[in-house]
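Dear colleague,

Please find the structure below, handed over for your further work.

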Amino acid sequence: AAPRGFGDPILFTDHLTGRTFVAQLEGLTPAGSTMEFTDDDGDTFNISQGAGPSCIDHQTIGGGPFRPPIPGGVTDYPHAVYYASQCVGDATNELSLDGGITFPIQTVMYTAAECEGLHGHIKIAEDGTAYVPNKACGVAPRAIGGEASVLVSEDNGATWVIRPIPGAHADVSVDDPSVGVSWCPPGPLPCDKPARSNTIYLGFLYDDDPATTNVDERGRPGIAVSNDRGVTCSTPVDLGALAGIAHAAFPAVAVGDPDRAAFAFFGTT
């Protein structure tokens, strides 16, 4: 691997193809990121051109099936590969059609007037829908006092829709939320794939008083579920109140069946 300056190293494995991507930003600049990928569990690595301009930080890599209709130019690698990062205000998404070698398609997911600049990690559903979580959308400037949301693309990253979670009040000071997507596991058991692709869980951190300067008064964990790609959502569950957690950090959500999810975080009473 080539030497890097610094900035958000990240690894992602496509659990169906087995391809693993390793990337790192080029030092808080628009220069882009370096990237390599391996198809043999790290015995050998192939050099990608990297993604860029990658903007500032909070890069994320994801992959999964293309959403029909499949765009022209797709090579023999069966899945889409996504790369995203934030530019202090706007956030960009890039799509690879050749398994992560090049990233020729770039779009803006949201602007500074729509959402907080930082975002969480991208997840791709079984039907090709792409989801990116954001801690605070809907209130400008910089979404102070906004609601945790998911950015959703149903056309392979060409366009993105902001879908807030009503009642999921957050703020720029708390950690990024996490979106979990249900998948049908390989094997003989039948699965309802449309239901799985439509079902997402968003784990976030509440901020009841965005005006406070005390970070210890922020960050109680909450979670909500949607069965229609975030168009409508359940009333968020205040896990902090249920479990006596006053402050949490680094939320992460994983989903099995559509009605079973796990929400992990560092928390304190």
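Is Phe263 buried or exposed? The model is a predicted one, and in it Phe263 has a relative accessible area of 18%. Since buried means under 20%, Phe263 is therefore classed as buried. Phe265, at 25% relative accessibility, counts as partly exposed.

As to the chain in general, it contains 2 helices and 18 strands. Of its 269 residues, 50% are buried. The chain exposes about 11700 Å², and carbon and sulfur atoms supply 59% of that area. Among contacts with a separation of 6 or more, 51% are accounted for by residues 24 or more positions apart.

I turn now to the aromatic side chains. The count comes to 6 aromatic pairs. One of them joins Phe250 and Phe266: the ring centres are 6.1 Å apart and the planes stand at 85°, so this pair is edge-to-face. Phe250 belongs to strand S17 (residues 247-255) and Phe266 to strand S18 (residues 261-268), so the pair ties together parts that are 16 residues apart in sequence. Both Phe250 and Phe266 are exposed.

Phe263 and Phe265 also form an edge-to-face pair, with 5.1 Å from centre to centre and 65° between the planes.

Yours sincerely

Terms used: Residues numbered from 1 in each chain as written. Predicted model: local features only at pLDDT ≥ 70, side-chain atom pairs only at ≥ 80, totals over all residues. Heavy atoms only, no water. Phe/Tyr/Trp six-rings, centres within 6.5 Å; stacked < 30°, edge-to-face > 60°. Helix = DSSP H or I, 4+ residues; strand = E, 2+ residues; numbered from the N terminus. Buried < 20%, exposed > 50% of the residue type's maximum accessible area, 1.4 Å probe, protein only. Contact = heavy atoms within 4.5 Å. Areas by Shrake-Rupley, 256 points an atom, 1.4 Å probe, with all protein chains shown as cover.
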